[in-house]
Amino acid sequence: MNLQFNDRSVTVAIVGCGGFIGSHLLDAVLCRTKWRVFGVDLDFYRIQHRLNDERCEFLSADLSNPEVLNRIAQFPVVVNLAAICTPSRYMSEACEVIRSNYDRPVALAEACAKSGAWLIHFSTSEVYGRTGSDSGELSEDETPLSFGPVGASRWSYATAKLLTERYIAGLDGLKWTMVRPFNFVGPYMDFMPGVDGEGIPRVLANFSSALLRGEPLKLVNGGKARRCFTGIYDAIDFIFAVFAAGTNRQLNMADAGGVSEFSDSPAYSQIFNVGNPDNEVTIAELAQRMRNIYASIREVPVESLPQPEVVSGEDYYGVGYDDSMRRMPNVEKAWKLLGFRASMGLDDCLRDSLKWFVGHYA
Ligand code: UGA
């Protein structure tokens, strides 16, 4: 039998519940199910409106503490979203990036393997590595993964994430599902530099900040890299498709020692790309679309906004920066196994995000 959304006895643990994806997932679980939530994070500013919800318990902690790991793993479903995932940090804080993306999730996976919890782990589309501009569709179970040299410290994050995937897939007794997000965008993404965060956020938040400040959008190495931006609400629908595919066998934790037939759900022991191939653009095109949409939201002529400026990756991010030139997901597996396909068009995603950004920060 499937996990029932109206079953009040289910508690889902969301690690990283205060982050961009986590805050949307928290809202969706509370609105779309009768479940309870055990939320873990260090920063709760995005979820202030949920802090007193009687169906939630929150813990301010990171995953370096084994007691915290055991507490999380006592719940039947654990979604791990916690990560350092802003590229500007991969070069300057490579070791902390590796700890955050390998040591901590692996320790959580071990705790889940012991308790019998189902771990839904968020990896990254960056595990496909240093893709060229002519690379084709990226498939979960077929595409070779290759990275730049060790000196290109940009890949500290991707290699840590990939090693974690391999560890999770190899861990005896663990019931797992892994997700490779392709550039999720939407309200509450990242931060506005100098207001609620420091450094360089990912491209959508960085372009939104520059537009709001009347500054030129910076096109790294000419903005030739391509991405398939994916609406956050599609991403949440995907997680619900995964939940819906989970059986309630894992709910009885006393039986956990005996979980050996993981093939009873199409979501178990699978890695899924989650992206929208229809939304592919170069970063230079993204800049133009965002300028147009921002101008229409503010009701100003687009010509009044500064033109984008080209910057070099190393000057902008620091030595060791490198890039994936194309990230085009093959999404057939999520469709075949879970019946999921992303559907939100790029302009709708950008308008929704920019409107939120303007309302929140202006
Ligand atoms: C990042 C993370 O490393 C991935 O783990 C994550 O999966 C992904 O974001 C995501 O959001 O899903 P990346 O796509 O390189 O990967 O992140 P961005 O910082 O948003 O950069 C996208 C592209 O825009 C890159 O080519 C970057 O050089 C460019 N960029 C970024 C600019 O041209 N200008 C900017 O101001 C910022």
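Mentor: Two rings of Phe, Tyr or Trp count as a pair if their centres lie within 6.5 Å. Keep in mind that this model is predicted.

Trainee: How many aromatic pairs does a search of the whole structure find?

Mentor: The search covers the whole structure. The number of aromatic pairs found is 19.

Trainee: How many residues apart are tryptophan 118 and tyrosine 268?

Mentor: Tryptophan 118 sits in strand 5 (residues 118-122). Tyrosine 268 is in the loop between helix 7 (232-245) and strand 12 (270-274). The pair links distant parts of the chain, 150 residues apart.

Trainee: Is the pair of tyrosine 317 and tyrosine 321 stacked or edge-to-face?

Mentor: Both tyrosine 317 and tyrosine 321 are buried. Their centres are 4.2 Å apart, with 25° between the planes. Planes under 30 degrees apart count as stacked, so this pair is stacked.

Trainee: Which helix gives the largest share of the lining of the second largest pocket?

Mentor: The second largest pocket holds about 170 Å³ of space. Its lining has 13 residues, with Asn206 and Tyr316 among those nearest the centre. Five lining residues, the largest share, come from helix 6 (residues 203-213).

Conventions:
Residues numbered from 1 in each chain as written. Predicted model: local features only at pLDDT ≥ 70, side-chain atom pairs only at ≥ 80, totals over all residues. Heavy atoms only, no water. 1 Å grid on protein atoms, 1.4 Å probe; cavity = no way out; pocket = protein on both sides within 12 Å on 5 of 7 lines; lining within 4 Å. Points joined across faces, edges and corners; volume = space filled by probe spheres on them. Helix = DSSP H or I, 4+ residues; strand = E, 2+ residues; numbered from the N terminus. Phe/Tyr/Trp six-rings, centres within 6.5 Å; stacked < 30°, edge-to-face > 60°. Buried < 20%, exposed > 50% of the residue type's maximum accessible area, 1.4 Å probe, protein only.
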